[in-house]
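I'll jot down what I look up as I go.

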Amino acid sequence: MVIRYTKLTFLSWKRREFIRLLRLVCVCRPKRLFLPSQELPSILQKVSDKLKVTFGPTTTRTDIEVGLRALELFSPLCLHPVADGCQALFNEVMKSTHLTGEIKWKAARLALHGVCKWDLYMPLLSDANDIITFFEHTLESPYAEEEQDMALQSAYRALAYAANREMLDQYDMKKRVIVDGTVAAFDHQKPFQLWKAILFFLDVVEGQWFNSGVEIMDEEKRRELIRKLADNVERIEPTIDVICAILSVLFGMANSPMWRPHLPIKLWSAMGGFPALPETTPSFVRCRNNPDVIDGLRAYEDKSVVKFWMGILWRDWVDLRPEVQARLVEVTREVVGPGAEDQALISAAIVGTHQQLSQHMEKFRPWSIEEEALSCRARLEKLEQGRLKLEGVLVGISSKGLS
Amino acid sequence: MALAVLSPFLLSQILAKTGQSFYAISGVVTVAFFILGFILAWGPALLHALVTKVFHPHTPPRTVRHLPPTPSPLPRQEVGSFSSAPGGGKTHDSTASLTVAPILNPVGVDYQGNLTDARRLAWMLERSPDSGTLSTILQFILEVLWTPDHLQDADSSNATLVRSYELLWEAFDNDYATRPSLLRGMRGQAFAAAKAFIHIFIQGDYTSDNSVVGALRDRHIPLGSSSSLKDDADLRSVVGIVDNLLGIRRPIQWAELRLTSSHRLWLSHILLYRAWYATKHGLRIPDDVTEFVKHSLSSDPRPRLAVVADCVLVVGLIIGHPLHEADLLVLEKT
C-alpha cells in the first residue's frame, strides 16, 4: 500500500510517464489499428447524393422534413463539394413539381445559401432563370427578418457574383418588385454581406436601371437610394473591387439626367480610387462621351471634382467624340486658373497614367512586337497627343492670366 | 535532485581551491547530497504514508466532500458485484463498496486497438491519492472504448461513471445558497472528470432508464449555470453536456463558446457517438448535438477537417445514411 501510494504520488508529477506505465500495466496485446471507412470528400459526396434523393419525387413528407433539418446543418459548410452539391440540389428543388409551398422555398433557400455563402468559391450560373424566380418570390413574400436577409443575400450574391452582365441583360431587372425591394434592403443596418452584394448587384444592373431612359422609381426613391449609397460608401472598407463597383454605379448615375442632380459631392470622394477602374467599364465609357456630365460636375461649388474629371477626359482626349472635345476645351478655359495648382491637378491623370505605362513598358524590349507592348506604345502615343493639346490650352490660359 | 547533483561539483571546486584533498572530500559530499536529494524527493510521500498507517489506520478512502444531499444513497449494491476486496470476500466498510478488485482482466479496447483492463482502471481511480494522479487516470479513460460491445463488464463501467461524477463534484463547492462554484486549483480535475463522465456515459449507451443514472439524476444540481465557469468555454461546454445527460434541459449556447481546437475535436467525436446511438434506438438526434454540428460547420474559420468529417457524418445519420463502425473508432478523420 505504502509503495503504491508513494509510487502514485511520485508518478503524478510525471503524467506522461505515468500514462505510459498505465498502458504497460493495462494493455495486454495489440489488436489492430483503426482507419476511417472513407475520406471526407467521399463522405460529402454521399451526403449530397442522399440529400438529393431525400428531395426527389419518391419521397415522403417526413423524409422531406428530415432532409430540411439535415440541409440546415450541411449548407453553411464552406467546402467546394458542398457548394457544388447544393447547386445541383437547388436546381432540383426549383424544377420539382412535387415540392410545393413553403417547403419548396425553404429547401431552395437553404440550398442557395449552400451555393453562395463562401467568398472563395462560388459555382458559376449557367442560367439565371431559377435564381430570378426565387429572388422575386423572396422579395414579395414576408418572412422572418433573419430568414429574409439570408435568402436575399444568397440571391443577390448569386446574381452579382455568379452571373454576368450579359446574362442578366436578358431579363427585365427594372420590375417594380426588384427595384423597390432592392432600395429597401440596401441599408447599412442590414448584414454587411447583404448590402455589399446589393452594391455589386447595382453594378451589374446599372445599364438597365440608369441608362434605359425609363423612370424606374420616383424622385423620392432616387434620393433615398443615393443617400444609402453615400452612407454605405463611408462605412465600407475601400478594397479595389468595392471601389470599382461604387465608381461603376456612380458613373451610371452621373450619366443619367434623372439621377445626376441628386448626387452629393461626398459620393465623388470615391474618385480617389479611379486608377483601379478598368477603362472599358460601360458606365465610365458612357459618361466620358456625355458632355452634360462636365456641366453637371461644374455645378458643384467645389470645383476640384470637375477639374479632376476634366483631367481624366484630357487623358482620353483622342478617344473623345468631337462635341465632347470642344466642350472640354471650352470648360477648361473657363474653370482652370493660371496658377500651378490647377494646372497640376488637371495634368495629374495624364502624368499618373504615363508613369504607369512607362513602368509597364520596362518589362519589354524597346523593339518588342508583343501584343501587350504594341498596345502600350499606342496608349502612350495617345497620351502624348492629349498632353500636347492640353499644354496648348494651358499656355493660352497662362498668357491670358499674364496679360 | 538537480541541486544534489550539481552541488558536490561546485563544493569540490571550492574546496580544491582552498587546498583540501579534492577526491576525498568531493566523494563524501557527493554521497551526502545524493542522500539529501532522495529524502527531498521521497520524504513527504513516505512521511504521509507513515502517518496514515500509524495514526489513522482505519481511515476510509476519500469520499465525496461537496456532493449535494442524497435522499437515497447510490445503488451501491447494484454495482456491488465487483465491490469485494482483492481476496474476494465482502468488505465491512460501506464507503469502500465501490472499490474494484485489481484483477488483470482485459475487457476494454483503446483507440489503438489494444485490449485494456477497465476493471484495473476503475480500481486505480478509486484508490488514487491525489488530484494529479486522478486527472491522469481520468485522461486515460478517454483512450478506452466503453461501448457495450467492447466492454462486457458493466460493473467496471458503472463504478467508473459514478466515480467520475463524484470527482467532478469534488471540484465544486456547493453551499446550497448560491450556485455551485469551481474550487481554486481544481479546474484540471473538473475538466478531466466531466470528460470522463461524458465519455463513459455516451459510449456506454447509458439512458435515463439505467438505475445508476437514475440515482445520479436524483441528486444532480445543474453545474452549467455556475458563474465561476463563464470564462472557461471548454469546461462550460462539458459541464453543460453533463447537465443535459442528467436530465437538465438547458440548451448549450455553442455560439457563445470559443472552444479550443483540440476540445472541439474531442466533442465532435463523442457527440457522433451520441447521434449514432440515438439513430440506433430510432430516436431523434438530440438538439445539443445538432446545434453543435450547426455551429461547427458554420463557424469561421472552419474547424479542423476531422471535426468537419464527424459533423458531416452526423448530418448523414439524420438523413439515414448508414455509418461505418470504423468511423466511430477513428478520431482523426480527414
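I started with Asn210(B), which is partly exposed, with 18 other C-beta atoms within 10 Å. My cut-offs: a residue is buried if 20 or more other C-beta atoms lie within 10 Å of its own, exposed if 12 or fewer, and partly exposed in between, with C-beta atoms placed from the backbone. Asn210(B) sits in the loop between α6 (187-203) and α7 (211-219) of chain B. I count helices (H or I, at least four residues) and strands (E, at least two) as DSSP runs, numbered from the N terminus. I also looked up Asn158(B): it is 52 residues from Asn210(B) in sequence and 10.0 Å away in space, C-alpha to C-alpha.

A note on ground rules. This is a predicted model, so I take local features only at pLDDT of at least 70 and side-chain atom pairs only at pLDDT 80 or more, while totals for chains, interfaces and linings use all residues. Residues are numbered from 1 along each chain as its sequence is written, and chains are lettered from A and ligands numbered from 1 in the order in which they are written.

Next, Ala255(B): buried or exposed? Ala255(B) counts as exposed, because I find 11 C-beta neighbours inside 10 Å. Ala255(B) lies in the loop between α8 (233-245) and α9 (261-280) of chain B. His220(B) is 35 residues from Ala255(B) along the chain, and their C-alpha atoms are separated by 26 Å.

Then chain B as a whole. I get 12 helices and 5 strands in chain B, and 40% of its 334 residues count as buried. For contacts, I call two residues in contact if their C-beta atoms, placed from the backbone, lie within 7 Å. Of the contacts in chain B with a separation of 6 or more, 64% are between residues 24 or more positions apart.

How far do I trust it? pLDDT is the predictor's confidence in each residue, from 0 to 100. Chain B averages 75, and 67% of its residues score at least 70. Over residues 57-106 of chain B the pLDDT is below 50, though this stretch has 87 contacts in the model beyond near neighbours in sequence. Where pLDDT is low, the predicted coordinates should not be read in detail. Chain A has a mean pLDDT of 86, with 90% of its residues at 70 or more. Among the elements of chain A, helix α1 (residues 2-12) has the lowest mean pLDDT (52) and helix α14 (residues 282-288) the highest (94). The model scores ipTM 0.72 and pTM 0.72.

Over to helix packing in chain A. The axes of α3 (residues 40-54) and α5 (residues 80-95) of chain A come within 10 Å and cross at roughly 10°. α3(A) and α5(A) are therefore roughly parallel to each other (angles under 35 degrees count as roughly parallel, over 145 as roughly antiparallel, 65 to 115 as roughly perpendicular and the rest as oblique). Axes here are lines fitted to C-alpha atoms, for helices over the stretch in contact, and angles run from 0 to 180 degrees between N-to-C directions. On the α3(A) side the contact includes Leu44(A) and Leu51(A), and on the α5(A) side it includes Val82(A) and Leu89(A).

Last, domains. Chain A is divided into domain 1 (43-123), domain 2 (127-277) and domain 3 (289-403), with bounds from an automatic or database domain assignment. The C-alpha centres of domain 1 and domain 2 of chain A lie 28 Å apart. Their contact takes 11 residues from domain 1 and 12 residues from domain 2.
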